[in-house]
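Subject: Structure for your review

Dear colleague,

Please find the structure below, handed over for your own work. My notes on it follow directly after.

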Amino acid sequence: MINKKMPVFAANQAFFKDATISSVLFTPCKQVLVADTLENSYNETIKSNGGKAVTMKEILISAKNLKKEFCTGETSQTIFENLDIDIYKGDFTIIMGASGAGKSTLMYSLSGMDRPTNGSIVFSDEEITKYNDDELAVFRRKNCGFVFQQIYLLEKMSLMDNVLTAGALCSDNKKEVIERAKELFELVNIPEITQKKFSTQVSGGEAQRAGIVRAVINKPSVVFADEPTGALNSNNSAAVLNVFTKLHREGQSIIMVTHDKKTALRGNRVLYVRDGQIFGDCALGNYVESDNERERKLDEFLTEMGW
Amino acid sequence: MGKIKSQIMYNLKKDKGSYISFGIVVLITAIMLNLAFVLMFQVDKAYDKKFGELNTASINVTVPKFQNTDTLINDIKALNGVTDAESREAVFAEAVVKDFRATDFSMNTLFYNKDEYRNMNRLDIKEEKAEIAENSIYLPLYVASFGEFGLDDEIVYEIGNTKYTFKVSGVAEEMQYGNYGKGLMGAYLPEKVYEKFANEYSEQTVVEYSIITSGDINALQNDISDLLEEKGIAMITSCDRISTKDTRTMVCNLIILVLSAFAMIILLVSVFLCKFRISNSIEEDMVNMGVLKALGYTGGMIIAGVILPYLMVTVFASMLGVAVSYGILPSLGELLTLQAGFSFGLVFDIKGLICVVTILAVIVAFFTYTAAKRIRKLQPINAIRGNGEGKSAKKNYFPLDETNGKTKMLLVLKQTFSNGKQNILLFGVSFVLTILVAFASTMFYNVIIEPDNFISTLSEEMPQIIVSPNEQYEETVSDELKSNSEIKSILKYTVGTINIEDTPVTIFACEDFGRVSNDLCYLGENPNEKDEIALGSAFEGKYNIGDSIEIQNGDISCSYEVTGFVQSVNYQGNVCEFSLEGYEGLNSEKLVPTLYVYLNNAADTEKIVKEIEDNYGDKIISVMNYQKMTETTQEMYSGITSVIVVVIFILTILIVLFVLYIVIKTLLVQQKQELGIYKAIGYSNKQLMVQMIGSFLPSSVAAVLLSSVLGLIYVPQINQFIFQTIGAIKNNMEVSFVFLMIFALVQITANLIISILLTKPIKKISAYALIKEN
């Protein structure tokens with residue numbers, strides 16, 4: 001999606017080149033047809049258009065006219081203004097941008113963790129900008145999972161307890177929650193013995209993978225990840241990213257902030273934030289390991305964005 | 001100092017609220033301690049100064065004038081240790097002061113000639129009228145202030161059948177008698193008034209010998225007794241400097257004791273608080289401390305930076321507390337003057353200030369150092385990496401996947417066990433404070449709900465009405481009253497004075513101690529037979545139960561067997577009990593006992609008193625509404641007790657507030673990130689508040705309940721200790737379990753409300769801000 005005020009860049013054109021249908025991008029309705037690759041076939045409806053397969057995507061989050069301003073004493077700083085954005089169900093959306101561009105602020109605003117100064121955010125038909133703190137908390141527990149760069153596991157608890165603490169919010173069936181937690185731990189490759197350890201007793205990668213399990217334990221609509229590999233070494237980063245890819249392939253919507261190109265390759269859509277706007281929007285298609293074409297496409301996009 | 005100044009300022013700014021709370025607790029401690037110290041340093045000194053200024057005698061004895069001899073003064077002066085002696089006449093009367101604090105007050109009184117020259121036992125006239133009336137009287141300060149008599153007021157002394165109305169023309173301070181506790185008061189009449197009065201009571205005229213000694217008072221008292229016995233002279237009254245001072249300063253000493261005890265308890269709380277805060281701030285500031293060490297700061301410098309803010313707060317708060325206490329001292333001084341019977345201006349005392357500041361500073365320094373000394377062992381690199389100590393949990397309490405129960409409940413339990421220090425602090429503080437509340441609630445119960453328990457501990461036999469019949473109508477009046485359906489029973493009871501071992505002793509004689517309502521006998525039994533006696537607590541140790549004692553009253557001497565020991569708050573244990581028959585044996589004349597009247601319904605007292613006055617007229621000498629007197633006394637104590645209970649309760653709630661403030665503030669700081677994580681994953685403010693309160697409230701609730709239940713054991717011991725110091729070896733104070741529980745519930749409710757209010761800031765914290773800050 002391109003902001004109407006912005007010029008259309010080559011990167012966008014590249015994006016459109018791969019698209020089967022591009023004109024519906026700006027359709028302000030809940031269900032839109034967007035260009036995507038056929039592998040991304042988990043979306044709701046597949047329709048035929050001129051003999052080509054197209055995917056009808058469902059808007060999960062729709063933000064209109066967003067403004068975020070930070071006030072410190074008498075000075076204020078506008079992070080973004082008049083920002084519109086739609087996030088689609090099933091997408092692995094990457095938000096990139098220079099440091100201080102407002103990537104994380106935008107992501108946390110969309111998740112209901114932070115409040116925009118102005119504008120509205122509709123998340124699965126609910127206008128979350130109208131919610132009070134407790135309503136937002138209830139909303140978050142049902143719809144959002146968070147993965148942080150600093151991991152932020154509760155230090156006084158084991159990895160398993162961290163996960164169950166979140167799980168208890170949405171289900172009273174403790175047995176069921178424990179079963180799901182164990183399955184997820186298996187998915188992220190954390191053995192039982194490690195599950196009983198504190199976050200300070202495991203590697204950063206293990207802790208972050210436990211953080212992902214915590215984020216998805218309640219089957220959230222979206223997992224929000226804020227530079228989840230920022231504090232990890234390359235091995236641990238790869239392991240963590242593999243988990244995200246696995247989740248995405250199983251249909252999990254993910255929004256991830258990163259400034260790492262390798263990480264960004266895991267997404268199927270890349271948004272670039274600059275000057276308080278969505279400066280560029282690139283459809284990469286779903287992640288395939290060692291896909292040079294995707295990498296080239298992302299490189300081109302980022303170059304266009306001034307990366 | 002310069003090197004750690006920035007550290008001190010950083011600590012002070014960072015933890016403002018906690019330092020303020022700590023400072024307020026120290027301030028309360030300092031107020032109490034300084035009050036205790038000023039009283040301790042000044043009252044005793046003021047007493048001795050006044051005693052010296054008025055050249056008060058060490059011992060005062062009175063003998064009947066008709067037995068006195070001209071040579072006795074020289075004989076007394078010749079006794080070993082006597083430095084000076086003088087004599088004067090006075091009239092001794094067992095009087096009843098009417099309308100004394102709206103009741104009738106029985107008071108042995110010595111009426112003196114005010115204008116007679118006195119070298120010893122001088123009077124300090126505090127106020128007087130310029131003109132003297134024909135019935136003028138100068139009252140001692142105690143009678144005037146406690147009895148609420150002002151200049152020009154009328155005061156009625158009832159002596160036997162006669163009522164004397166005097167006009168108050170002056171108030172005098174004297175150090176000879178002082179207050180009611182000695183059972184003897186003075187009254188001072190202008191010369192002409194005295195002469196007239198003494199003429200009427202020539203038989204009761206006594207000669208008082210005032211004796212100053214630099215030696216052993218007890219030895220001299222024995223010598224005087226021996227001398228009088230040798231000469232066949234009876235001793236009517238005897239007062240010595242030591243017992244008088246003890247009596248007059250009893251309440252003051254009690255207040256010093258209570259204030260010191262309370263101050264120590266609160267000091268204990270403040271010490272808990274600063275230890276708790278320091279160990280938490282070490283954990284919070286571990287990285288900063290590591291950085292400082294890496295920069296070259298020594299452990300000692302960092303420790304000083306941690307301790308000094310507490311010491312500065314302690315010194316400042318204790319000085320402020322001392323200053324505030326001087327605002328309270330005048331009122332306390334007035335209250336004590338009322339009881340002690342002499343006025344003293346409590347002035348600024350540098351010693352008090354030094355003691356308070358030093359004691360508090362040393363104790364706080366010691367405890368803060370013990371809490372902070374582990375900083376020395378902190379390795380900079382470990383601290384910077386956050387591996388110092390304590391921050392990470394060592395044990396995973398209640399693993400959620402392995403423990404049965406609701407996850408949310410288990411989370412509360414996890415937090416409770418993970419925050420052991422704060423729970424120990426809250427448990428300790430709540431337990432200690434509940435001791436105060438349990439004591440206060442028991443006082444409240446016994447003084448306001450069941451006042452008889454308190455009054456009967458302090459007083460002797462308590463009928464509703466006391467009737468003094470004329471000798472010839474004693475049986476008639478007694479029989480007729482017995483037949484009155486509204487009267488439950490009549491008891492013949494007499495109060496008098498005799499000498500035991502040359503010490504004037506108040507006696508209680510009763511026809512049947514099995515029917516008395518009092519519980520004075522704390523050891524052994526009351527006397528039932530005519531040859532039995534129960535002695536006052538002052539004689540315990542000298543005699544044992546079963547011993548025989550020879551008692552002489554004038555020419556009559558009888559032997560009695562000691563059956564038990566009785567207590568008396570009013571007479572310093574110088575009392576004894578006889579059966580009526582037994583006491584009659586000591587008297588040559590027939591005794592006319594008073595009739596103690598017990599009613600079916602105490603509310604009818606006023607009506608029955610009126611009926612007795614109307615129906616018996618000349619057949620009785622007097623009728624006293626004792627119920628009213630008891631109620632007046634009770635009202636006075638109720639007032640004081642209510643104030644004490646309210647003050648203790650407010651103090652407790654205040655301290656709980658400050659402690660909870662510090663604990664919750666610490667938790668909010670320590671768990672800021674944790675709370676942010678909880679909020680991020682969807683926990684609501686309400687859930688987090690409940691979780692936080694749930695993690696510490698159980699420990700304080702458990703402490704309050706446990707302390708309240710244990711109150712059944714320790715409150716009687718506290719009461720025993722306190723009442724014993726004022727002469728009530730056995731007290732009738734009951735500990736009501738229900739009442740302890742009611743006060744415990746009030747305390748728990750207050751804790752809960754305070755906790756809810758203090759955890760409310762959780763609402764203001766946004767999950768995003770918490771995460772962004774880290």
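Helix α8 (residues 234–249) of chain A lies across β5, β8, β9 and β10 (253–257) of chain A, and runs at about 150 degrees to β10(A). This is a predicted model, in which local features need pLDDT of at least 70 and side-chain atom pairs count only at pLDDT 80 or more, while totals for chains, interfaces and linings use all residues. Residues are numbered from 1 along each chain as its sequence is written, chains are lettered from A and ligands numbered from 1 in the order in which they are written, and side-chain values use heavy atoms, with hydrogens and water left out.

Helices (H or I, at least four residues) and strands (E, at least two) are DSSP runs, numbered from the N terminus. Angles run from 0 to 180 degrees between N-to-C directions, with axes fitted to C-alpha atoms, for helices over the stretch in contact; contact means heavy atoms within 4.5 Å.

The sheet concerned is open, with six strands in the order β8-β9-β10-β5-β11-β12 (chain A) and mixed pairing; two strands pair if DSSP finds at least two bridges between them. Because β8 (144–148) and β12 (277–283) of chain A stand at the edges with a single partner strand each, one side of each is left without a neighbour in the sheet. On average, neighbouring strands of this sheet are turned by 20 degrees against each other, direction ignored. Helix α3 (residues 133–143) of chain A also packs on the sheet, where α3 touches β8 and β9 (222–226) of chain A and makes about 85 degrees with the direction of β8(A). Within the sheet, β5 (residues 92–97) and β11 (residues 269–274) of chain A run parallel and are joined by five bridges; A:G97 stands opposite A:V273 in β11(A).

A:D114 is found in the loop between α2 (103–111) and β6 (118–123) of chain A. A:D114 has a relative accessible area of 10% and is therefore buried (under 20%, with a 1.4 Å probe and protein chains only). Its side chain makes a polar contact with that of A:K68 at 3.2 Å, that is, a pair of N or O atoms within 3.5 Å, where within protein one must be able to donate a hydrogen and the other to accept it, and residues adjacent in sequence count only if both atoms are side-chain atoms. Leaving aside neighbours within four places in sequence, the contacts of A:D114 include A:Y108 and B:Y768.

Terms used
Buried < 20%, exposed > 50% of the residue type's maximum accessible area, 1.4 Å probe, protein only.
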